[in-house]
Amino acid sequence: MEKHKTDNSRRTFLKTSLLAGGGLMIHFSGLAKLALPHNDDGVPVVQWTEINGYVKISPENIVTIICPNPEFGQNVMTSLPMIVAEELGVDWKKVVVEMGPHDNVKLGPQFTGGSNSMRMYWKPLREAGATARNMLMLAAAETWSVPVEELTTKAGVVYHDKSGKNATYGELAAKASGIPVPKGVKLKDVKDFNVVRSSRKNVEGAKLVSGKPLFGLDYQHEGMLIAMIQHPPAFGMTHKSFDASAALKMPGIKDVFTIKLYEEGFEQGGFDVRTFNDLIVVVGKTTWEVMNARKKLIVEWMPVGDVKNTMAGRDGKREVVIPGELENTTTQLQKMLEYAKKPAQQLRKDGDPETAFKNAAEIIERTYNAPFLAHNCMEPMNFFAHVTDEKALLVGPLQAPGWIEPTLTKILKLPADKIEIQMTRMGGGFGRRAYGHYLVEAALISKKAKAPVKLIYSREDDSTYGIYRPMYTATYRAALDSNKNLIAFHVKGGGIPEHAIHANRFPAGAVDNYLAESWEIPSNITVGAFRAPRSNFNAAAEQCFLDELAEAMGKDPIDFRLELLKKAKENPVGKNNEYDAERYAGVLELVRDKSGWNGAEHKKYSRGVAAYFCHNSYAAHVVDLTLKDGHPYVEQVFSAIDCGIVINPDAAINMIQGAVVDGIGNSLYGGLTHKNGVVAENNFHSYRVIRIQEAPRKIDISFVQNDIDPTGLGEPPFPPVFGAVANALYKASGKRHYQQPFALSKIEASSI
Amino acid sequence: MITLNINKKNYKVEADPNTPLLWVLRDHIGLVGTKYGCGVAQCGACVVHLDGEAVRSCVTKISRAQGKNVVTIEGLSENNSHPLQKAWLELDVSQCGYCQAGQIMSAAVLLREKKDPTDQDINDAMAGNICRCGTYLRIREAIHLAAQESSTK
């Protein structure tokens, strides 16, 4: 990937960069700051020696660790550098953390999403830390003419006990940087960890609670103008003509013009979304002035009709027709019902499900529906761009710089090494900021305005120009024999415009006769990753269905799942089962113990359970719910998680608590509807998100203790919350809930 | 020209008197700790103190702030010494952190009025502040912790 970037000027610059207050995202712990020499303005000035892409050290022995992945609240700016610090052997309290620029060569994939940060960087960061430590030891060995085997390190100092010699990493750094990078350096035994696996505070915590500029929206640049977009009011529309004369007369307004994102035939990658291709732009001095001027635009809109897009793919480009219909939620639902009846694409088949269903003593069939969801990141989409004919600087909140850079090179006709992307802290992401169309927009606006520009979406822009979670449905069928044994399982799922079915997930592998099928309905409503894509629907639907099934079979819902998992472990059906049945069972057993599943607590509340595997980690929740005047309130939640080694336990707990709250909120209230292509919920007065009074009193979290390499946590705890809430709601109301969101209207109590 | 007193400092601002305080803070004065979240007083990310009262700066015109004392997150304390900021750090409340300045500014008014708030008091006072990351449990806990610390002073 981008091999031509290996030796660009940025690399040389970093080697001896002066830290003179220019760094947007440089974070000193108090101690580190005191130790630094200061210039006349009181700004720390440091001469850094870069040992590798992740580690640089000053002569004063200040150790800076570069965080490769953008931070959107999952705390990677703390937890990823912790891994380096562990192997490097430095005092964490004295470490300085810096967010790296986009540089896939030096800093790896740099992708925040898919709960991949830990999984992707665990080994590379351990190796980076261990190799840097080894180079510092080799430098000491050479200086003192002693064998490197006789050296030890502690808290950033190399020791030679025999001679009594010692030197700080800072003293050795310059020499170490010239040593050829050793290969295969031994990593620490996980049992000896002392940075990783102990709770470390968020390195940006102090800046966050004092309002320091950290986010994209906070970014300032000399001569910077503000831009806002007027996008069509509905999916399936575009502008026919517009009159900007009144807008241009408004104070502070510099220009009004249009931009076109992609030219005809542009080969779109998977993350190049084309929601609205032609946009009207207002550019001015301040945000409020631009907001006001935008209201003065007189625009005539028209249906855009069917649009033919060219998609790039592994097997060459292909044409995709995006239908021009102005969609309505009611017709979307009707259409899903029609499609559900049609033959679908087979995704997986084990045994002979058709015969098993034919011979069944009882068939249970249930259909589950879920609406489009908007991400509602608290910081609306925005990005800074300064594009000239020679180069481009882009700064802002972004999950995947490496995915948008190839698009920018094509659109701006600039080589990758002339495009500099810096990632600020993100005010939420949830998948939304993996789609960098707003960088393309900002870049095109800057180019046309011939000025540095910050593009800002209003909340309404953000809500109505989204990359949403698709609208999903799935019908589950189970065949029982006369002894109420489960003999066949069938799931047929679809969506607008994508389905959610994971054919190789549980209970695939646990049922002899199994069939998974899918279908999709094309749509002009743009969709994309939303915290645990697809899983966030499956875990609701499938886990409700399993609950209902257990009840029909007269079994305890946890026992029933464990029985299936036992079979999947001992005698798995079919191939390509994605999950580890033992770890899956492990979280269920742990949550059963921690919640006192059938104990006294059980009597006080309506209780539901769900478990799910996604993004390489396992999560199970027990939800305790009450109905207050017809409104469900989740009083407490017990969660059991298996994500292997837990890097930063308190931060992990924080994230799981957040995922549980998010899951409760989205399952009870989340939903986006359309009327003639217009998004009906355009701000927080109409799109209901969970608030503090709806958050549980207590969320009790337990981890399965093991030494398995760490996997992600941002997504896995989220999906099963939906299922556990639905199952608890059934206990409270006596009614199964098949349509999300569950709690927009009052629910009558009737205990089971 | 409007003169605004923000964090005990006077600023002369060239802006339409109808301009929301939020945008004057952010775009004219460069105090960006106060956040834009919704623009319609629904999310609380922009809460500041106007003569000690919590107001949503996204719907507070600067003409209303004239002659009054505005306090933003940047002026809440020096060196994060306010009990709420200390509690927030002690419990590591933030995830993305975007809403937290607004949360703290709302909580500061609650704590001034109720020395030892109950969960119900906290829920009532903080219902207007959205946290999309779902840090509400820690926000509650941090407010209790700050209340304790204030009372033992």
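In chain B of this predicted model, helix α3 (residues 83-90) packs against helix α6 (residues 136-151) at an angle of about 130°, and their axes are 8 Å apart.

**The α3–α6 contact in chain B**

- From α3(B), the contact uses Pro83(B), Leu84(B), Lys86(B), Ala87(B), Trp88(B) and Glu90(B).
- Facing them from α6(B) are Ala142(B), Leu145(B), Ala146(B), Glu149(B) and Ser150(B).
- Sorted by class, the residues of this contact between α3(B) and α6(B) are seven nonpolar, one polar and three charged.

**The two domains of chain B**

- Chain B is split into domain 1 (2-75) and domain 2 (83-151).
- Between the C-alpha centres of domain 1 of chain B and domain 2 of chain B there are 21 Å.
- Where these two domains meet, domain 1 of chain B supplies 14 residues and domain 2 of chain B supplies 11 residues.
- On the domain 1 side of that contact, the elements giving two or more residues are β3 (47-50) and β4 (53-56) of chain B.
- Strand β3(B) provides the largest share of that domain 1 side, with three residues.
- The domain 1 side that touches domain 2 of chain B holds seven nonpolar, five polar and two charged residues.

**Domains of chain A**

- For chain A, the domain assignment gives domain 1 (3-206), domain 2 (216-309 + 381-456) and domain 3 (534-733).
- Taken over C-alpha atoms, the centres of domain 2 of chain A and domain 3 of chain A are separated by 38 Å.

**A hairpin in chain A**

- Strand β7 (residues 157-160) of chain A pairs with strand β8 (residues 165-168) of chain A in the antiparallel sense, over four bridges.
- If you want a pair to pick out on screen, Val157(A) has Thr168(A) in β8(A) as its bridge partner.
- Together β7(A) and β8(A) form a hairpin, with four residues between the strands.
- In the turn of this hairpin, Gly164(A) has a positive phi of about 75°.

**Helices α19 and α20 of chain A**

- Helix α19(A) packs against helix α20 (residues 719-733) of chain A at an angle of about 60°, with 8 Å between their axes.
- The pair α19(A) and α20(A) is therefore oblique.
- The crossing of α19(A) with α20(A) is right-handed.
- On the α19(A) side of the contact you will find Ala659(A), Val660(A), Gly663(A), Ile664(A), Ser667(A) and Leu668(A).
- These residues meet Val721(A), Phe722(A), Val725(A) and Ala726(A) in α20(A).
- Eight residues of the contact between α19(A) and α20(A) are nonpolar, two are polar and none is charged.

**Where chain A touches chain B**

- The contact between the chains takes 47 residues from chain A and 45 residues from chain B.
- On the chain A side, the elements that give two or more residues are α7 (205-208), α9 (287-295) and α19 (649-669) of chain A.
- The side of chain A that touches chain B is made up of 20 nonpolar, 18 polar and nine charged residues.

Notes. Residues numbered from 1 in each chain as written. Chains lettered and ligands numbered in written order. Predicted model: local features only at pLDDT ≥ 70, side-chain atom pairs only at ≥ 80, totals over all residues. Pairing = 2+ DSSP bridges. Contact = placed C-beta atoms within 7 Å. Nonpolar A, V, L, I, M, F, W, Y, C, P; charged D, E, K, R; others polar. Domains from an automatic or database assignment. Axes fitted to C-alpha atoms, helices over the stretch in contact; angles between N-to-C directions. Parallel < 35°, antiparallel > 145°, perpendicular 65-115°, else oblique. Left-handed = near helix turned anticlockwise from the far one by under 90°.
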